[in-house]
Amino acid sequence: MSRCICENEQARRKEGHLFDFAFQRKPKFAFVWYSALPDVPKDESMFSGECTPSYILNRNTAKLLYAHAPEARLIAIIRDPVERSLSEYNMKVRRVNAEMRPDDPSTQEALLGAVQGCVTLSQMSGNKQHNFDEKMSSCLFSRLKHVPGFLATVPNYRLFFLNHIRFFINGVEANSNYRSSPKMMACLIKHIADMKSQWSLTLTIKQKILCCFDSKHVFYEHVQPLETAFENEMNKVDASMQLIPDISIPPESACSGATLSRTVYTEDHENLYTLPEACLRDEASASFLYFDMNRFWPSGSTSNIVKDFVFRSIYVDQLLNYKSVLGADMNNLLVITNEALRNNPNGTFNLVLKHVGREALDVSKISMTQLHEAINQAWPSFEKTSGWQFETDTDSYHLHAAMKLKLCYFFRMHNARLTLHFPKLAISAKIWSKCGDK
């Protein structure tokens, strides 16, 4: 979807993160930060929007979004949950593999070169000029972002609230990873400021500078082995599934008389008790069960891809959260499937354009090469730094047949719940639940 918009509109930025990172971490400055994003021309021929997948994950985002933009036209794209879970895991692996290696000599040389460049500029403009910290932070980020792997480690699309520095906006390019950059940047600025009139990087200073990029100052991501990660999540979801109180369950149902008699294990929580597996995997049980997210996911999830690969593929509860805010008809929200977008890109894309009040466009003649060029022009190095890819046929991690089948059966009941609450998605949910074809 973003590719088509990039090709047909003057796209400036993919993920805005106003209603999750900005509002939930620095609500006082949220709109100030948002206004610092590249301006969209005030032209009637243009429409503005953003694509932030994490808006559907956090349970508070729907209320924030509706409170501040009640007329916003929302679009949610969902896909086969088995494929989505694996795809996100592979994206995570690519992101981890793309991170900089601070112990690598060539990386160290590049890091020190970037710092030396800013030190030299600072020397030329005066040692203690006004707003030294802010200007040095901006210079450091503008130079460090060219170090191989730096943007994968400290993504430039995160918030740039530097907790150790006065909040600043005008002309600033120094976007900061909300988890890691404050410590790293504070460490760098401290050692640079301590240099005083000594503007060359001595061996001692170099060692101190390089320490600013260690795991104490920078958050380096990791990921569990694929099947371990998926098994842990499936067990946690199973332990969160409850029978709806006071509901009449037919005696022939697999959930009839069911109790928390099954024991499962996870890395974090041993001895979790769940309903019988026969109850949890039976599509006919969908009307008797509800997902108690408060046990392990009280706030939902985020776009911080460390875990929740399976949890984020359970769409029904995400959509129910928006339904509770937008109303039963959910006129503001259009839900389309990835299959529809791939099988009928022109028709599906024009359905989206109609939803947002735009005239129809013919995108059928746009090639993958054109789309690739458009998105990389809008977001240079996006594939390298984010882990995201256009085509994922070459992914190195694949589910074993037995695990893929197990995951499919796990999602069948949740797909049935999706059909129960959102009948328009029944065809796709049925296709996703054909486990024999996996």
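Here are a few notes on what to look at in this predicted model.

1. **Before you start.** Because this is a predicted model, local features need pLDDT of at least 70 and side-chain atom pairs count only at pLDDT 80 or more, while totals for chains, interfaces and linings use all residues. Residues are numbered from 1 along each chain as its sequence is written, and side-chain values use heavy atoms, with hydrogens and water left out.

2. **Strand E6.** Helices (H or I, at least four residues) and strands (E, at least two) are DSSP runs, numbered from the N terminus. "Buried" means under 20% relative accessible area, "exposed" over 50%, and "partly exposed" in between (1.4 Å probe, protein chains only). Now find E6, residues 333–337: 5 of its 5 residues are buried, so the strand is largely enclosed by the rest of the structure. In a regular strand the side chains alternate between the two faces of the sheet. In E6 both faces are covered, with Leu333, Val335 and Thr337 buried on one side and Leu334 and Ile336 buried on the other.

3. **Its partner.** Strand E1 (residues 74–78) runs parallel to E6, and the two pair over 5 bridges; strands pair if DSSP finds at least two bridges between them. Start with Leu74, whose bridge partner in E6 is Leu333.

4. **Helix H10.** In this helix (residues 203–211), Ile205, Ile209 and Leu210 are buried. They cover an arc of only 135° around the axis, which puts them on the same side of H10. The arc is that of the directions from the helix axis to the C-beta atoms.

5. **Aromatic rings.** Rings of Phe, Tyr and Trp (its six-membered ring) pair if their centres lie within 6.5 Å; planes under 30 degrees apart count as stacked, over 60 as edge-to-face and the rest as tilted. The whole structure has 10 aromatic pairs. In one of them, Phe291 and Phe311 have ring centres 6.0 Å apart and planes at 70°, so that pair is edge-to-face. Phe291 sits in strand E5 (residues 289–291) and Phe311 in the loop between E5 and helix H13 (315–326), 20 residues apart. Phe291 is buried at 8% relative accessible area, and Phe311 is buried too, at 5%. Ring pairs also link Phe291, Phe296, Trp297 and Phe311 into a cluster.

6. **A charge over a ring.** Have a look at Lys323, which lies over the face of Phe422, 5.4 Å from the ring centre. To count, NZ of Lys or CZ of Arg must be within 6 Å of the ring centre and within 35 degrees of the ring normal.
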